[in-house]
Amino acid sequence: MYDLIGDIHGYASALKRLLRKLGYQEREGTWQHPERKVIFLGDFIDRGPEQVETVQIARRMVEAGHALAVMGNHEFNAVAWATPCAEHTGAFLRVHSDKNREQHDAFLVQAGEGSQQHLETIEWFRTLPLYLNLGGLRVIHACWHPRQFETLALHLDEQARIRSGSWSAVCTEGSEAFDAVETLLKGMEIPLPSGLHFKDKYGHRRSRTRTRWWHEGEHLTYRDLAMVPPSIIEQIPHEAVPADLQPGYDGSKPLFVGHYWMTGTPTLMTDQIACLDYSIAGEDPSRAKLCAYRWSGEGKLSEKNFVWVGRET
């Protein structure tokens, strides 16, 4: 049976408190439980003060057989940042712009950019699968999308890990492979009807919106599905979304995701989908949570199985 843990973002102290609460103990250099294993949902790094320790805890648990893990968008970005671009001397698969460095700088400082520790961490990130499809449950960082799995078929190995020769392809903006990884690790975006747009909180014009892809039903509109702040929602049209832009979820197994920076008391997305990212790295420490779900084989999820800790300040 599994204890699934959401985005940690470098808060190792909270992770250790959550593991203790779940009944794990640190023995022989790794956290373990006599009957259960952890599944980490990715985003181990960026933002928090204990990023190296967070990765060490997770990696040791995985390598000792006490945990499984999937890749988050932050691990993907970290690999791309550290991987030279073969086509352009001195360039990398993730552009070293000021914006990208700012997002990633805390990890680079703590890990020591270019150090042995940094490089070994990047190599471990490369081993993380994009998703897990186990006997009774599924796990992915942001969006379960079978059509995008098909798009990536040639770029993933039998364990759903990005092949060593495919990193350039999946990092090339505008390619089908890039868009597929974006969807799986950052969530699904759909284009608004032709000619329509909205302005985000920064005043930037947007013609696409991130969606609540898990919603299902007839006559869903762009406004029903849009993931935008309340101040912006009125800009989103109430026109019906074409059926091919609504992947939904087949519901054959429970699904666990992270990524979405939820707040408040942990609750289910549906009776078969749970998001476990409750903003441990959020700006308000009083609302920050590191959240887990204790799964014991049930086909229908229950909110009583959420377990969480706050962030000590």
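Me: In what sense do strand E4 and E5 pair, and over how many bridges?
Reply: Strand E4 (residues 37-40) and E5 pair in the parallel sense over 3 bridges. Two strands count as paired if DSSP finds at least two bridges between them, and strands are DSSP runs of E, at least two residues, numbered from the N terminus. In E5, Ala69 is the bridge partner of Phe40. This is a predicted model, where local features need pLDDT of at least 70, side-chain atom pairs count only at pLDDT 80 or more, and totals for chains, interfaces and linings use all residues. Residues are numbered from 1 along each chain as its sequence is written, and side-chain values use heavy atoms, with hydrogens and water left out.

Me: What makes E5 and E15 edge strands?
Reply: The open sheet has 5 strands in the order E5-E4-E1-E14-E15, with mixed pairing. Strand E5 (67-69) and strand E15 (306-310) each have a single partner strand, so one side of each is left without a neighbour in the sheet.

Me: Why is Cys291 called buried?
Reply: Buried means under 20% relative accessible area, exposed over 50%, and partly exposed in between (1.4 Å probe, protein chains only). Cys291 has 0%, so Cys291 is buried. Cys171, with 11%, is buried too.

Definitions and conventions
Helix = DSSP H or I, 4+ residues; strand = E, 2+ residues; numbered from the N terminus.
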